[in-house]
Amino acid sequence: MATRRPLWVFFFDYNHKGNGIKITEVIKGGPLDKSHIKLQPGMVIERIDGELIDASKDFARYLNRKANKFTLVEVRDTKADTTATYTIKPISLGQENGLLYRRWVKKNEEEVKKMTNGELGYVHIPGMSDGPYRSIYGDMMGKYFDTKGVIVDTRFNGGGDLVGDLAMFFTGEPFISYETEAKVVGGEPVFRWTKPTLVMFNES
């Protein structure tokens with residue numbers, strides 16, 4: 001079983017025996033995801049600010065109050081039996097949650113693409129406000145413009161008032177097309193989604 005720990009933004013091997021924290025995945029965009037930091041699954045973070053991470057202690061104590069402070073991390077490559085030391089600046093729990101959200105959305109996008117052979121797109125609406133609306137509008141009218149439809153995920157939506165705007169956008173009806181003998185070159189409306197949507201929601 002793998003789980004995560006705040007501040008460093010990585011998943012670790014909960015069944016690891018011995019000192020240190022064994023990495024299973026480094027979260028994209030986090031403080032450990034840098035070009036000069038060479039981390040791979042299976043490597044072990046052994047020391048934080050020079051202090052050995054003792055297996056008999058909850059390693060949360062080594063991470064406490066480290067957010068936004070330069071911190072020294074010593075990592076051991078178990079395959080090559082070498083160690084490297086990096087200076088990083090951990091992030092807050094709120095920043096970590098943002099990275100984990102983007103990771104979740106990305107994995108959902110990849111799953112939908114794989115299961116539909118790229119015929120459907122995927123967007124998530126985290127809240128009913130201007131920012132999320134602009135984001136899904138850009139994706140649906142840009143990245144997913146040529147798909148046959150889009151899955152609109154509203155699970156865990158934080159709320160707000162965007163129902164009218166979304167209903168207007170999602171229910172566009174094509175009323176004219178511009179065509180040559182060879183192909184369709186355009187049509188109207190160009191500012192509303194005219195293809196099928198499948199909406200996902202939960203009690204949140």
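Colleagues, first the conventions. The model is predicted, so local features need pLDDT of at least 70 and side-chain atom pairs count only at pLDDT 80 or more, while totals for chains, interfaces and linings use all residues. Residues are numbered from 1 along each chain as its sequence is written, and side-chain values use heavy atoms, with hydrogens and water left out.

I begin with the sheet. Strands here are DSSP E runs of at least two residues, helices are H or I runs of at least four, and both are numbered from the N terminus; two strands pair if DSSP finds at least two bridges between them. Five bridges join β8 to β9 (residues 149–153) in the parallel sense, and G121 has V150 in β9 as its bridge partner. Axes are lines fitted to C-alpha atoms, for helices over the stretch in contact, and angles run from 0 to 180 degrees between N-to-C directions. Contact means heavy atoms within 4.5 Å.

Next, the helix pair. How do the axes of α3 and α4 cross? The axes of α3 (residues 130–143) and α4 (residues 163–170) come within 12 Å and cross at roughly 5 degrees. That makes α3 roughly parallel to α4, a label for angles under 35 degrees. In this contact, Y133, I136, Y137, M140 and M141 of α3 meet D165, L166, F169 and F170 of α4.

Within α4, L166, F169 and F170 are buried, meaning under 20% relative accessible area with a 1.4 Å probe and protein chains only; exposed is over 50%, and partly exposed lies in between. The buried residues of α4 pack against α3, β9 and β12.

Finally, the backbone. Most residues other than glycine have a negative phi, and most peptide bonds are trans. F156, in the loop between β9 and α4, has a positive phi of about 60 degrees although it is not a glycine. At 52% relative accessibility, F156 counts as exposed. The peptide bond from E188 to P189 is cis, with omega near 5 degrees; P189 is placed in the loop between β11 (184–188) and β12.

Notes. Angles under 35 degrees count as roughly parallel, over 145 as roughly antiparallel, 65 to 115 as roughly perpendicular and the rest as oblique.
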